[in-house]
Amino acid sequence: MSNTVIIGLQWGDEGKGKVVDLLTPGADAVVRFQGGNNAGHTLVIDGQKRVLHLVPSGVLHEKCLCIVGDGVVVDPKVLIDEIEGLKSAGFLKKQAQLCISEKSHVIFPYHVRIDQLWEEKRGTNAIGTTGRGIGPCYEDKISRRGIRMGDLVDSKALKRRLAEVLPEKNEYLEKVLGNKTPFSENEVYEQYNTYGRYLKHYCQDTNGILQKLVGEKRSLLFEGAQGVGLDLDHGTYPFVTSSSTVSGGVMTGAGVPPRAIDEVLGVAKAYATRVGRGPFPTELHDATGEHLQNKGAEFGSTTGRRRRCGWIDLFWMKHAVWLTGCTRMAITKLDVLSGLENIKAAVGYQLNGKKLTAPPSRIEDWEKAEAVYETFSGWSENLEKITRFSALPKACQSYLKAVEDFVGVPISLISVGPERSAHFYREA
Ligand code: IMP
C-alpha cells in the first residue's frame, strides 16, 4: 500500500475512523497530525463500540505503529484514560505500539476553562466548540506560550514553563473572562507532573521515526480529524476548528514532505451533518432531516450533541476535493438513505439571485447562500448486507455515479452500516 492521507470532505464525523481501521491491515503506521480530543472516531467491531479521541484508529491492529504527531494538541488525562481503556480491553499490549510527539502541545485546564468561558461570553454568537480547550491551546502554540509534551515529561521544564505561563493565564481568566477561582500553580504542576511521568515512556521524536519509515518505504496512513469545512483557513470561518484539516496539514502536523504522499482518500457521508453552529446550506428542518438524524444515530461522539442533518453538498465537496488533492472517495452511511422517496444533492449555490462559481469566503455570504439541488430517485431496499456495487439498487448506483461525476473522483470504498464488516470495495 502507498502512503495515504484520510481526510473528511464535509464538516467532520464522516466515518474516517472506520475507514482507517479498514485500511490498517495494509499499513505499517497510522499517524494523527492535527486536532485533539475534539475528535471522536468510532469503531464498531462485533457489536462492541469504541470511540477514540486521541489514539490513532489503527490501534486495534497489534502490528500497527500508532503515532500522535507534532501538530496534535494533547489532553494528557484524556490520553491516559484512553490508553488504560485500550489496555484493559486487550489492546495496546506493547508500549512501543504508541508514540507521542515531544513537539505536540499540551492542553491544560486553563485552556479548557478559557474555551468554555469564551463560549459563554459570546452568547448567541457562540461557535459551539467542543469545549475541550482546543482553540486556546493552539492560540498559545501560535503565540509561542505553549507547553509541549517534551516539557510535560521533564519535571524541571514543566515547573519553569508553568511559572512563566500560569500567572498570566490567571490574570486573563479573571480580568477578561470573570473567572473567580484561579488555578494553583502547585496543584497544576503536581497533577501534570504525574501525567508526564506516565506519558514519558510514549514520548518520542516522532518526526525522526517518520523519516525512517518513509526512507524504508513503509506504508503510512495519515488520519485526519474533523473535515475540510472546519479547516481554519478554508472552512466556514469563524465557525471552524483551530487546525488545518486539509491534506496540507500532514506536511506541517506530521512533518513529512509532500512527495512522501501518494494518495488522498476523501471520506464523505452519503448525506451531510454538522455539529455546533455555522453555515450549512443543505440543512433540513423537516421530516427527512429527522429521518437522517434518527436512522443515522446522529449524535456527536465527543459531546453527545445532536448533529444537524441535511442533503449531501456536492458543490462543497468538489471544492474540498480541490483543496485536498483527493484522488479517491469513500462514501459512508449509504444505508441511512434507504426508505426515502427522493434524494437531493446540492450542485451549486446561489447568492442574491446569482450562481456562485465557488463557495463563499465571507461568513455573511455563507449565511445567505442557498443550495441549488438536483433530485434523484430513492430506493427502499436495506443495504446492510450488500457486498458488491452491482448488487446495489439501480437508483442507488445512479446516485453514487452522479456523486462521482460531479465531484470528479472515483468512489473506491462504500460503507453500509456501523460494523467493521459492513463495507465493500468498488469492483474495477
Ligand atoms: P473546537 O474544535 O472544539 O474548537 O470546535 C470548533 C467547531 O468544530 C465546533 O463547531 C465543533 O462542533 C466542531 N468540531 C470539532 N471537532 C469536531 C469533530 O471531530 N467532528 C465534528 N465537528 C467537530
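**Briefing: domains, cores and backbone features**

Gly146 counts as buried, with a relative accessibility of 12%, because the cut-off for buried is under 20%. The model is predicted. The domain assignment divides the protein chain into domain 1 (4-101 + 203-264), domain 2 (105-199) and domain 3 (270-425).

**Domains 1 and 3**

- Taken over C-alpha atoms, the centres of domain 1 and domain 3 are 23 Å apart.
- The contact between these domains involves 40 residues of domain 1 and 38 residues of domain 3.

**Nonpolar cores**

- The largest nonpolar core is made up of 71 residues. Within this core, Phe222, Leu334, Leu392 and Leu400 have the most contacts.
- This core lies between domain 1 (4-101 + 203-264) and domain 3 (270-425), because both give residues to it.
- Leu392 is in contact with Leu334, Leu383, Ile386, Gln397, Leu400, Ile414 and Phe424, when neighbours within four places in sequence are left aside.

**Helices H6 and H7**

- Helix H6 (residues 155-175) packs with helix H7 (residues 185-199) at an angle of about 145°, and their axes are 10 Å apart.
- The crossing of H6 past H7 is right-handed.
- On the H6 side, the contact is made by Ser155, Leu158, Lys159, Leu162, Ala163, Leu166 and Pro167. H7 contributes Glu185, Asn186, Val188, Tyr189, Tyr192 and Asn193.
- Sorted by class, the residues in the contact of H6 with H7 are 8 nonpolar, 3 polar and 2 charged.

**Gly146**

- Gly146 sits in the loop between helix H4 (134-142) and helix H5 (149-152).
- Not counting residues up to four places away in sequence, Gly146 touches His105, Asp140, Lys141 and Arg161.
- Gly146 and Lys295 are 149 residues apart along the chain, and 42 Å separate their C-alpha atoms.

**Val250**

- Val250 is part of helix H9 (residues 248-254). Its relative accessible area is 0%, so Val250 is buried.
- Residues touched by Val250, not counting those up to four places away in sequence, are Val5, Phe33, Phe222, Gly255, Val256 and Ile261. One of these, Phe222, is among the residues with the most contacts inside the largest nonpolar core.
- The C-alpha atoms of Val250 and Ser380 are 40 Å from each other, with the two residues 130 apart along the chain.

**Backbone geometry**

- Most residues other than glycine have a negative phi, and most peptide bonds are trans.
- Tyr237 and Pro238 are joined by a cis peptide bond, with omega about 10°. Pro238 is located in the loop between strand S10 (220-223) and H9.
- Leu92, a residue other than glycine, has a positive phi, near 50°. Leu92 falls in the loop between helix H2 (76-88) and strand S7 (98-101). With 3% relative accessibility, Leu92 counts as buried.
- Lys217 also has a positive phi, near 60°. Lys217 lies in the loop between helix H8 (206-215) and S10. Lys217 counts as exposed because its relative accessibility is 73%, and the cut-off for exposed is over 50%.

Note on methods. Residues are numbered from 1 along each chain as its sequence is written. This is a predicted model: local features need pLDDT of at least 70, side-chain atom pairs count only at pLDDT 80 or more; totals for chains, interfaces and linings use all residues. Side-chain values use heavy atoms; hydrogens and water are left out. Axes are lines fitted to C-alpha atoms, for helices over the stretch in contact, and angles run from 0 to 180 degrees between N-to-C directions. Helices (H or I, at least four residues) and strands (E, at least two) are DSSP runs, numbered from the N terminus. A crossing is left-handed if the near helix is turned anticlockwise from the far one by less than a right angle, and right-handed if clockwise. Contact means heavy atoms within 4.5 Å. Ala, Val, Leu, Ile, Met, Phe, Trp, Tyr, Cys and Pro count as nonpolar, Asp, Glu, Lys and Arg as charged, and the others, Gly among them, as polar. A nonpolar core is a set of buried Ala, Val, Leu, Ile, Met, Phe, Trp, Tyr and Cys residues joined through side-chain atoms within 4.5 Å. Buried means under 20% relative accessible area, exposed over 50%, partly exposed in between (1.4 Å probe, protein chains only). Domain bounds come from an automatic or database domain assignment.
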